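Reader: I would like to learn how to read a model like this one. Where do we begin?

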Amino acid sequence: MELAVNFLDPQSLIVTFGVIGILAIIFAETGLLFGCILPGDSLLFAAGVFTVGSAASGIGLDQPLSLPVLLVGGPLCAIAGAQLGHWLGAKYGRRLFDRPDSKIFRQEWVEKAEHYFDKFGPAKAVVLARFIPIVRTFLNPLAGMLGMDARKFFLWNVIGAVLWTDGLFLAGHFLGSKIPNIETYIMPGIVVIVLLSIIPIVREVMKGRREARLNADKNAAEQSRASLSGDSSR
């Protein structure tokens, strides 16, 4: 019997693979470059919802997901994945990112991660990146490539991992226990989470474009003044 799994659909992943699949995806998304295409925030939130018995039975699970296992295993897998990413970046350096654009890789994603690293500083960037899709995948190897101290990275990696995973698990569990028949709203809820999670990226892209336009206008003005100055000297 062949499994029909939609790897971009959190509910499909949860029904098919359960807790083990959730933990494996957390590890892959934070440690392996191809993991950037896997669901993150939406998967964690949905997993929290399905720790509630009524919600779990509503999607055909024999029993609810184990909240204690998720609360312990989620951060551990997120920490381990990020540590692997940091190690790969330190070992292979820029070669790790030296590849052509494809369906699962864009050079602009690396540049976005580097932007956050430079803007917020290493420690804050490691924590904040957990809440930004794609950036959380690429920032860890980038931190290794840029020489962030391994002990310092581990400390902030732990803090970010716990806040991200357990925060979303508990949020999903809380709403799942308070809202009757929440499984019927899970897809709209996931859409809202995804939209909220990409707001920082959209904002940064728009800001970058504004800055690029301002720099272009400034350069054009300077060139115009230089040209006028050259004409007057003649």
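Author: Begin with a network. E29, D41 and R136 are linked by salt bridges. Keep in mind that the model is predicted.

Reader: What is the general idea behind such a pairing?

Author: Side chains of opposite charge can pair when their charged atoms come close. Here the structure holds two salt bridges.

Reader: How far apart are the closest N and O atoms of R136 and E29?

Author: They are 2.9 Å apart. R136 sits in helix α7 (residues 135-145), while E29 belongs to helix α1 (residues 10-31).

Reader: How do I judge whether R136 is buried or exposed?

Author: Under 20% means buried. R136 has 2% relative accessibility, so it counts as buried. D41, at 9%, counts as buried too. E29 is also buried.

Reader: Which residues does R136 touch, leaving out those up to four places away in sequence?

Author: R136 touches E29, T30, G40, D41, A129, R130, F131 and W164. Two of the names, E29 and D41, are its partners in the salt-bridge network. Another, W164, is a buried residue of α8.

Reader: Then let us turn to α8. How does its reach compare with the expected span?

Author: α8 has 29 residues. From first C-alpha to last it reaches 41 Å, close to the 42 Å expected at 1.5 Å a residue.

Reader: How should I read the pattern of buried positions along a helix?

Author: An α-helix has 3.6 residues a turn, so residues three or four places apart point the same way. Now take α8. Its buried residues are F153, N157, G160, A161, W164, T165, D166, L168, F169, G172 and G176.

Reader: What covers the buried residues of α8?

Author: The cover includes α1, α2, α4 (67-92), α6 (122-128) and α7. Among these, α7 carries R136.

Reader: What happens at the start of α8?

Author: A side-chain oxygen of D149 comes to within 3.2 Å of the backbone nitrogen of R151.

Reader: And where does I179 lie?

Author: I179 is in the loop between α8 (150-178) and α9 (186-233). Its relative accessible area is 35%, so it is partly exposed. V49 is 130 residues away along the chain, yet the C-alpha atoms of I179 and V49 are separated by 9.9 Å.

Reader: Step back to the whole chain. How many helices and strands does it have?

Author: Nine helices and zero strands. Of the 234 residues, 44% count as buried. Take contacts between residues at least 6 apart in sequence: 75% of them join residues at least 24 apart. The chain exposes about 12600 Å², and carbon and sulfur atoms supply 63% of that.

Technical notes. Residues are numbered from 1 along each chain as its sequence is written. This is a predicted model: local features need pLDDT of at least 70, side-chain atom pairs count only at pLDDT 80 or more; totals for chains, interfaces and linings use all residues. Side-chain values use heavy atoms; hydrogens and water are left out. Helices (H or I, at least four residues) and strands (E, at least two) are DSSP runs, numbered from the N terminus. Buried means under 20% relative accessible area, exposed over 50%, partly exposed in between (1.4 Å probe, protein chains only). Contact means heavy atoms within 4.5 Å. Accessible areas come from the Shrake-Rupley method with a 1.4 Å probe; for residues, only the protein chains shown count as cover. A salt bridge is a side-chain nitrogen of Lys or Arg within 4 Å of a carboxyl oxygen of Asp or Glu. The expected span of a helix is 1.5 Å times one less than its number of residues. A polar contact is a pair of N or O atoms within 3.5 Å; within protein, one must be able to donate a hydrogen and the other to accept it, and residues adjacent in sequence count only if both atoms are side-chain atoms.
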